[in-house]
Every structure is written in C-alpha cells, then in structure tokens.
Amino acid sequence: MSTSSYTTPPAANPHPRLRPGRYGIAVAIAAVVVITLVASSLLNYVYLDTIPGRTSLYGLLAVALIALGTYIGVRAFTRDRASRRKHLIRAGVLLGLGTLLWLLVIDIFVFTQSAGPVVAAICALACLPTTAFGLFVVRRMDRNEKEPWRLVLVAAAWGAIVATSLVIWGETLWEQTAQRTLVPGPGLDASTAFSAGLLEELAKGLAVVLLFLVMRNDFDDVVDGIVYGAAVGLGFNFLESVAYMTNLYGIFAPEGIGWYAAGLQWYGRQGLGLFFGHTTYTAFIGAGLGIARQLPHKRQKAFAIVSGFVIAIAAHFSWDAWVQFFPIDNTLFGLVEIHLRTLIMTGPFTAALIALLIFGIRYEAMGLVDQFRKEAATGSGAILPEDVPVLASPWRRLKQRLRAFQRGGLRAYFEVARLQSAQLDLAMERWHRERQEIDMPLEAEDALRQRVIQLRHWVPAA
Amino acid sequence: MLEQAFLDVLLLALKFGAPRVVEFGQTSFSLTTRGQSIRLSAAVSSAPYDQVQTLYRTLLVFATVAVLILAVGLVEFVHFEPPGQTTGAKARIVGVFVYDPATGTTLGTDRSAFARTEEFAAVVDWSGLPANLTVDARWYDAFGSMVGRIGPSTPAQLGNFSIVPVKVPQGLHHNLPGNYTFVVERLQGGVPVEVLARRLVLVERQ
C-alpha cells in the first residue's frame, strides 16, 4: 500500500493543549507505586534479609526501566511518524534491559536457589505457548475493534513483572506477621486468602487503572476493559506458574517426582486454570473500569470501579480460602475432582464475566451499527450505505477481506483490513461523541473521516 | 434499586436469546430487546434506555454477592480467631532437637534449622500450664499441612508426652523443605483458640 505518499493522519484523538485531569491521577498513582516499591524493598532488605528481600532491592532498577520503557513506548504511537521510530527504539532498549535485569535477578536469587536456571528456563518455555494462546483468545474476544497488540502485551508484561513485584513484598510482610501471631488452621488460611485477594488484585488492577487513565482512546467500553484485565491476569499467571513450577520441582526432585510435581502445576495453572483463575479475577476489574468509562455520573463511575475490584478480590479470596474444603481423593476419581473443583469454585465467576462480555459485545455492536448508518446518511463518503451490512458483521468483514485477497493477494487483503479498521474507528469516535464520553476536540473525528476517505482511494470497491 | 438490578440481570439473560434493533421513526432508533420493550412504557421508549445502566446494575448485583462472600470469610476468620481469648497462660518449649525414631528420644542441642534428611522433634514442658486447660501441640509444614500432633488433653495427662516429632509425609522419603511452625494451643469446643507457645524452624532444601 502506498501510504508513504501521504502524511499519516493524527491519532484518533490528538492531544489537547491542556491535558485532562486524569493524567494527573495517573501520575499520582504511578508515584505511589514507585514509592511503595522503594519503601517496601528497603524494609524487606533491612528487616527480613531473605531472598525476596534481596530480590526486591536489586529488582528495583528493572522495575524502573520497564516502567519508563513502557511509558515511552505507549506514548510513541501518539507522536508523528518522524519521531515515533526514535521513541520506539528508546522504549525497546529500556524494556529489553529491564527484562534482562529482572530475569537475571529472579533467576539468581529465586529460581536458581531452588532448582537452577535450566529448570526455570524450561518451565518458562512451557508456559509461553499457553499464555500466548490465552492472549490471542482474549484479544480475539473483541470482535468489533481489537485492541492494539502493543497495549495487550504491555498489560501482560505489567501483570507479570510489576504486579508480581508489588505482591512479593506485601505478601511476605503479611505472611510473616500472620505466621507469628495467628492460630494455625482455617483462620490463618482465611487471613492468607485475604492477603492474596486484596494485595494481588490491587497490584494487578493498578495496571488496568493506568491504562484506563492514560490510554483512553483505546479503552472504549466494558469489552476493552475485560480484554485488558484478562491480559494483566494472564501475565501474572505466567510468572506465578513459572515460580510455582520451579519451586515445586526443587522441593520434590530429591524424591524423584520433580517433573511430575511441576507438570501438575503447569496443567493446573496453564491448562485447566488458564482462563479461570487470575484471568477471570482481573478481567472483573477491567469490566468495572470499562463500564465506568461509559457512565454519565461520577458517583456511578466510582461505584462501578470499586465493584470491579470487590468482585475480583472476593473471587480470588473464595478460591484461596475454601479450596481446602474440596478435598481431592488419592484415586483415579481425583482427576475428575480436580476439574470439578475448578468448575464449581471459579466457574460461576467466569460465567458471570462471560455474561458481561457477551452483553458488552452486542451492545457495542449495536452502537457501532447505529453510527455506521448515521455516517452513511451524511453522504461524506467515508461509509457508504452498502458498507453498513458488511461492517456490521465480523463474518462479512472477513469475507470482504478474503475476496480482496483472491483479487489482489496479501496487499489487497491488508488494504481492505486497514479501511475496515479506520471505518470502525470512525464509528467508535462518533459513538463516544454522541454519548458525550470524550474530552478531545471534534477535529479528531474529521481527521479520522479524512483518513477513511484517503484509504478508500487505494481500495477498489468491494 | 436492588429489585431493579435483579430485573436487569433477568433482562440480561433474556437479551442473549433475542437481541434486535428496534426502530423509532425513520432516522432515530433505540437499541432494546423484546423483553425490554415490554418493561418500558410508551412514554419512556421515546427516550432511549441506556443499556450501560443494565451493565452497571448487573455489576452492582455481582458486587453485592462479592461483599457477602467477603463477609462470610470475615465470619470464618473471627470464628477461628475469636477476639479476647487470652488466658495469660504460657507454655514452655524446651527446644527443637534431632529425633531418633528408633529410641523415641532427642539428641544434641536446640536448633532452628535442619537438613531435610534429618528427623526432628520439639520438646514441651507442660508443667507450667493450668490443669483445667485443654491443650495440644502441633507441627505444620510450609504448605500448612499438619505433620505431627500430640493431644488434645489436659497438661497433666500430657505430662509424659513431652516429645512431639515431625512425621515424614506418606509416600515421601524425607521432610519437605521450608518453614515449619510448632504451636502449643489451647482448645475450646474442639477448636484451637489461643497459641500458648510458638516456634519456627527452617528445613533447608539441600
């Protein structure tokens, strides 16, 4: 496609001269996160002097590099083409350095001590395809306007690295205190479950909140919220799976059943529990934020956001606190019981989430169809009346792309895909504007319309 | 409000079966379901119902259930950690020593770390406890599983059972590594309500 013949139009909603107040909130949250990280790591190092304590201290630099790289990378896409490449390279270098440093710290101070770096690497490799599959499915759930891969991956990376870092420190302190003060048994289990539910969901949820505040143009509604939340959960689940697999391998290897123990963990977390556990919990936080995105009143927005967090915390708590009341027999029927346990304990939450998702997809689709028709009625040429039934159906959109592929190969396929994507962006912009949900100027909509018209010149009539 | 929310959840279920676009006039139309059209009056239908409110109310219903779950968790916590259960009694843990299962005796000096191949046991002095208490002593491993216990009974009856060994889990050759917790507890109604003494021990990986 000859896109180089014209200047890339500005992003959906170009920056206003004065940034909205939500950017200030995002900066405040980020500052609190950084201060918490620094304070708790220093405290851990001074008072605990354990492996997590050292990890937390040495890992700070990695967390800072990843945070900075993420910010530069995400913002690069709202800049003009000339400076975008420079910012993306900077972001890539920072993210690469941060990731390497983090893996180094983790490997040396945690995994190596329990099972060695080779086992840690094998466990990580085993979890990669399943997590990638999970991210692929989660992103595909948004049938109308898929979220950019860069943001989905950023969400997963934050879930894996930043959220787990926050959790290690908070949970270590909680556990140490509870172990020294409470009566061992169900009370201590409940306390630990409260700790996991509260701290882990808050840590994961912060990433979704920051996306909601900073990347508003790519955070349209409940569907987007569920996608981002689930991506954060999948990232968290990835690193937790690697940690548990490696740890259990280290524990049971002297008994000759190390790989069996690690394999069971892999199946429980990356197979059976891929969509049931952390993915479901954090997706509820995203759902709350996504619904808040479209609510008119501040009070309702606050209730929706808090509700998302409360549901996530309760779902997580119920699993951790009550899983012991669902014993697994040491027989062949135990295999059935493992599946039943997940289905009964987490299934209802996942089903509730799917209900929100299905309704959200249909609601979004209807809103977009409404806007397709209204845009077609203006006669601007961006969306033609005959485009409406095609754009309204993901299957028809796919058929149109495949027809283009038959006519003109991959190039034609992608040209049509870009056009469809731009038309969907325009309809989404119109939808938010009609609902008075955006704080950006009208020029953004005109720019999108012009982009569609320009793209149409390169695409033969379908 | 709550009733409205439950109606909306019901409505949400109906929507999955029959979503459709309902047109009003020639240019403007509202997006409702067949079920929703029944519920809305004619006067209301001229001002389209915002379906985000349905999502919002559904979320509130889920949140209400979530609050109930957390409340049950809190009740469970209070039941097993009842406040005000302090008798002032303190048990004395003499120490944790290497244990010889053949003779049933302990060896060496008090330690706080053991290799996983070593068997070990705690020694409790029951003599300082009031005679009317019901007590026991337990070992928990790093996974929270009970791996050794004596009691429950009165301190006098437990006087001859001062050694509480850790048992290797069935099917394994050695103790699992991690932090072990030894507690002497006071029981009430069969439920431990107070820790009279506590000792943490590390079983090393290597």
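Chain A has 15 helices and zero strands, while chain B has five helices and 11 strands; helices (H or I, at least four residues) and strands (E, at least two) are DSSP runs, numbered from the N terminus. Because the model is predicted, local features need pLDDT of at least 70 and side-chain atom pairs count only at pLDDT 80 or more, whereas totals for chains, interfaces and linings use all residues. Residues are numbered from 1 along each chain as its sequence is written, and chains are lettered from A and ligands numbered from 1 in the order in which they are written.

**The two chains**

- Of the 462 residues in chain A, 46% are buried; a residue is buried if 20 or more other C-beta atoms lie within 10 Å of its own, exposed if 12 or fewer, and partly exposed in between, with C-beta atoms placed from the backbone.
- In chain B, 32% of the 206 residues count as buried.
- Among contacts in chain A between residues at least 6 apart in sequence, 75% join residues at least 24 apart; two residues are in contact if their C-beta atoms, placed from the backbone, lie within 7 Å.
- For chain B, residues 24 or more positions apart account for 54% of the contacts with a separation of 6 or more.

**Where the chains meet**

- The contact takes 44 residues from chain A and 40 residues from chain B.
- On the side of chain B that touches chain A, at least two residues each come from helix H1 (2–17), helix H4 (52–80), strand E7 (135–140), strand E10 (178–188) and strand E11 (191–204) of chain B.
- H4(B) gives the most to this side, with 16 residues.
- By class, the side of chain B that touches chain A has 26 nonpolar, seven polar and seven charged residues; Ala, Val, Leu, Ile, Met, Phe, Trp, Tyr, Cys and Pro count as nonpolar, Asp, Glu, Lys and Arg as charged, and the others, Gly among them, as polar.

- With 27 of its 29 residues buried, H6(A) is largely enclosed by the rest of the structure.
- The 29 residues of H6(A) should span 42 Å at 1.5 Å a residue, and its end C-alpha atoms are 41 Å apart, which agrees; the expected span is 1.5 Å times one less than the number of residues.
- The axes of H6 (residues 186–214) and H7 (residues 222–252) of chain A come within 9 Å and cross at roughly 145 degrees; axes are lines fitted to C-alpha atoms, for helices over the stretch in contact, and angles run from 0 to 180 degrees between N-to-C directions.
- Lys204(A), Ala207(A), Val208(A) and Leu211(A) of H6(A) make this contact with Tyr228(A), Gly229(A), Val232(A), Gly233(A) and Phe236(A) of H7(A).
- These residues divide into six nonpolar, two polar and one charged.

**Helices H9 and H10 of chain A**

- H9 (residues 278–294) and H10 (residues 298–322) of chain A pack at an angle of about 175 degrees, with their axes 7 Å apart.
- That makes H9(A) roughly antiparallel to H10(A); angles under 35 degrees count as roughly parallel, over 145 as roughly antiparallel, 65 to 115 as roughly perpendicular and the rest as oblique.
- The contact of H9(A) with H10(A) has 13 nonpolar, six polar and one charged residues.
- Ala312(A), found in H10 of chain A, is buried, with 32 other C-beta atoms within 10 Å.
- Leaving aside neighbours within four places in sequence, Ala312(A) is in contact with residues including Glu201(A), Gly205(A) and Tyr281(A).

**Helices H4 and H8 of chain A**

- The axes of H4 (residues 117–140) and H8 (residues 258–272) of chain A come within 10 Å and cross at roughly 25 degrees.
- H4(A) and H8(A) are therefore roughly parallel to each other.
- In this pair, Cys123(A), Ala126(A), Cys127(A) and Thr130(A) of H4(A) meet Ala262(A), Trp266(A), Gln270(A) and Gly271(A) of H8(A).
- Met245(A), placed in H7 of chain A, is in contact with Cys123(A), Ala262(A), Gln265(A) and Trp266(A), leaving aside its neighbours within four places in sequence.

**A loop residue**

- Gln436(A) is found in the loop between H14 (394–434) and H15 (443–458) of chain A.
- Although Gln436(A) is not a glycine, it has a positive phi of about 55 degrees.
- Gln436(A) counts as exposed, with 8 C-beta neighbours inside 10 Å.
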